[in-house]
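Morning, everyone. One structure today, in a few minutes. Please have a look at it before I start.

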Amino acid sequence: MRTVLVTRHDVESAALRYLAGGDSVVLHGPSGMGKSHVLHKLVAAARGCGKTVLLATTAPAEREVPFSLLADLFDSIPDTEFGALRPPQRTALLGALGRQAQCECSDPLALRLAVLNLLRRLADRDHVLLALDGACHIDEPSASVLAYAARRLVDSRVRAVVTVTPGPARRAGRATESCPGKARVLFLPPADLPELREMAQGDTERRLPDWLLRAVHTASAGNVADALEMVRLLHEGAALPGRGELLPVPERVRHSLAARLEGTGPQVRALLQTAACAQCPDVTLLHAAAQDILRQHSAGRPWLSRRSDGPPASDDSDRAAPSGETRTTQDDAAAHALVAGALLSGVLEMDDDQDRVHFTQPLFAHALYAAAGPTGRRTAHARLCAVLPSGWERTRQRALATTGPDEELAEALMKAAQQAAQEGAPGTATELIRLAVARTPDRLAGPRCDRLLAGADQALTAADHELCRELATASLHIADTPARHVKGRMLLIAAADQAMSGMGHVFAEAFAHLHNAPHDQPYLHYLRACKAHMADGDPVLAWSEAEQAVALARQSGDRSTEALSLSLQAFVGTLRGEHEAADVLLDQGLSLSVSVRAGQAHLAPDAVRARLDFFADRLVDADARLTVLLDRARAADDAQDTLYLLCSAAETDVRAGRCHRALKFAGEALDLARRLGIGLEHACYSAAVAEAAGGDLGRAAALAEESARISRRKGDLVYLPLALGQLGHVQLRLGDAPAAAASLDSARTIARRRGIIDPAPVPWAGELVEALTAAGERTRARHMAESERENASRLGRWGVCASLLRAEALLLAESADYDGAVAALQHAAERHEVLALPLERGRDLLALGTVRQRRRHITAALASWRDAAAVFREIQAEPWLSRTHAQMTRFTHAVNPEGHEAGTAARWKALTEGERRVSALARTGATNREIASRLVLSAKTVEATLTRAYRKLGVRSRTELLGLDVDEGRGPTA
């Protein structure tokens, strides 16, 4: 079965999982998709685990060389390993490997048995991984031998990972036949931008700008081989290209294009070059362009010259010219023939809808564009300008068809940019503004500066912070008024995102010009409040700056900035525990009912209200608001708002017990953050929360560490304590209590330094008490639990109170106060149920089972664990469910992995050696006194042992024990 996964990380994780589970793996995908890259990562992982790896790499030319793959595969095996083989087998194998002269009478069966027995010998010592890179090129003799061995190694410790490129079915089948055991076929998707960024910039000192990597990724359509070759060419070049300049095209792509263009005429090539200049070419556009090309090439004649890509020219030069209607029909037919010729070249092909067309190799468009030369490119753009309907794309083509300053064209481009922005295409709007800047005459410094600022503003809307900074910086070089200076610096500050710690000098320069630009005062004060909140960790300054921004915004009628500032002030007030004041401020913001600029909806009153509802465990209200906001952001194609709202939705879903949807939202947010290069600390934190609840603890730890690392680098004090708190939570679940306590204590320290009084926004309290208890610091845990419970109760954070109650119960259990612990956990579970917090309730029940087990109330413990498993199963909290099953299985083997009752044999296996001996003697009819005498035990010990055994076996009397069908040495069989 073929499995299609979303990213290379998914493919690698699935492959590792399948290999660990005893399956082989086939990596399937087109040439250049990076199958070898993934294979070598799997090989490195196998070697890191101490496995024996036999690696072979094939090439098309080696398909005709007998046993070339076997020779490569066993190259690392010394001759001494062959000594244990029988002489005929050893002779046959050494001859096939080219290590000695091959005997003409070599027995094919002896060779097959030699390979089989050698692999078995290697597997007797450790796991063996066969890594075959390019399995489609396996020579036939090697393929036959490996297939023979694979069929007989199903139950061995030999497995394979192979790469396959689409081709003849028989060759692909041969690759699968070389895999021992079940072969899992994983289809490798194109690399996404984060994966390409990791591969392209991991081992080089010279880092490419992010916009250039994005351009490479788009041009290559995620083909790893093409993208990495382009990156190599960029590094080798004397200078990197600027925005809008030509990208290098790999030589093999240019050769492939040249081969396909061989035999085509100039008209077909001109049409293909025109298609390369279009953003989204379709059949209608190509037909119109073809008509324009024909008019130019035929000098007014309706026919093409005699070529293979159109109808033949007439040999009768004296024939009368056709009528106007006939000429139109003939022109249409000739244009259709020209389009057909372009499609028959193999450079273009139709989409499934038979309307749009695309290049068969994405880089063909770039190769054609580069080959056209400056004049050819301008001609193609002019042709598209002539045939396109009016609109911003036509204006763009007009700009690309000309050179030099042209103020009239620059104004037209600005109008086109406004149209593109209104149509929800901020990226296109930014490109049009950049073209307008290039066409603006040097003498018009003011309009040029305004256009640079407008472009930076659109880039910010498009979440392209890198371009925003470039354009804003360029504007400051020619800014000639205080308003332009302030605007440029405000855009630089906004583009810093969460990394505002280094913006102090920019703020100072902006405020220095502010006295002559009063209109910008409110927003600049709002930005300084953001810096105080996110980077400085100064809630007092954040509050006062936001308060001042509100007052100034009201004076100037800037309702948008007023709403944003009220929202920030309310959020800071909540952190400080001033809930009533925060609610009043937020209600004022909501009453304004204003729209904020794109990319800021997640900071507006509606989004902040959803966040405060989340803190207060009003999860239904939070989810309703977030759903509306997220739908609105998606509809507007607002990537920045979508990213942050997805993170909030994921965290809300985890607390509400929707673990599967939380993983989906968190994964989408993480992918978006990596592509955009913004908000990564937030996305990693949210993904860590989702993974810890419903995914993988190892991945949760890695994501939490990444979030903390990015937050430290940026000086982001908002997400650093959150990331550290989540890391501590995961460390505690992984059994490292001291590390967990250290991480959670760091989160507490940063939160306190920031003046955060409310325990809900940075949820460290309950987790830290549990970690301190597990680490043996009971006195500190007790004091902290008491003080934090009082604080949470005062602020009405009842969910936090219930979680602290669970932590205190575990503390009581450590002091052997099991009655108190059980009562506290039951109370916590009841509170969490009332608050509709199923994940927390499941944790209460899991802890309750553990306390009851420590109290030796196994039946009651099992009941609690079953209840916990039911909760975790319903909300799809897989890591918690696995942990619960492990607890149950550890003591009774009472459940199988699906959570159902296990058989008697499994229950017998759960008995201790002493319980099994006593039970076996009881089954023979021996009395307790007789068993005690034979085993040198007291009768009371025998009675207690049998009682425990009865409970584990699910029987209630000696009669039921005698009824078990026992196979001596293996336990009960029924």
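I will go from confidence to overall build, and then to a few local spots.

This is a predicted model, so to speak of local features I need pLDDT of at least 70, and side-chain atom pairs count only at pLDDT 80 or more, while totals for chains, interfaces and linings use all residues. Residues are numbered from 1 along each chain as its sequence is written, and side-chain values use heavy atoms, with hydrogens and water left out.

Confidence first. pLDDT is the predictor's confidence in each residue, from 0 to 100. The mean for the protein is 87. Of its residues, 91% reach 70 or more. Which elements mark the two ends of the range? Strand β1, residues 2–4, has the lowest mean pLDDT, at 39. Helix α27, residues 605–615, has the highest, at 96. Over residues 1–5 the pLDDT is below 50, yet this stretch has 16 contacts in the model beyond near neighbours in sequence. Contact here means heavy atoms within 4.5 Å. Residues 894–901 also stay under 50. For them the model has 21 contacts beyond four places in sequence.

Now the overall build. There are 46 helices and 10 strands. These are DSSP runs, numbered from the N terminus: helices are H or I with at least four residues, strands are E with at least two. The C-alpha atoms fill a box of roughly 125 × 95 × 50 Å, taken along the principal axes. Of the 974 residues, 53% are buried. Buried means under 20% relative accessible area, exposed over 50%, and partly exposed in between, with a 1.4 Å probe and protein chains only. Among contacts with a separation of 6 or more, 65% join residues 24 or more positions apart.

On charge, the protein has 117 positive and 120 negative side chains. Lys and Arg count as positive, Asp and Glu as negative; His and the chain ends are not counted. The centres of the two sets lie 5 Å apart, with each charge placed at NZ of Lys, CZ of Arg, CG of Asp or CD of Glu.

Next, helix α22, residues 504–513. Which of its residues are buried? V506, F507 and A510 are. As a reminder, an α-helix has 3.6 residues a turn, so residues three or four places apart point the same way. The buried face packs against α21 (482–495) and α23 (521–536).

F67 is not a glycine, but its phi is positive, about 65°. F67 sits in the loop between β3 (52–57) and α3 (68–73). D637, also a residue other than glycine, has a positive phi near 55°. Its loop runs between α28 (619–635) and α29 (639–656). Buried or exposed? F67 is buried, at 15% relative accessible area, whereas D637 is exposed, at 55%.

S864 is in helix α40, residues 858–875, and is buried at 2%. Beyond four places in sequence, S864 contacts L845, L848, G849 and R852. D464 lies in the loop between α19 (445–461) and α20 (465–478). D464 counts as buried at 17%. The C-alpha atoms of D464 and A639 are separated by 9.9 Å, with the two residues 175 apart along the chain.
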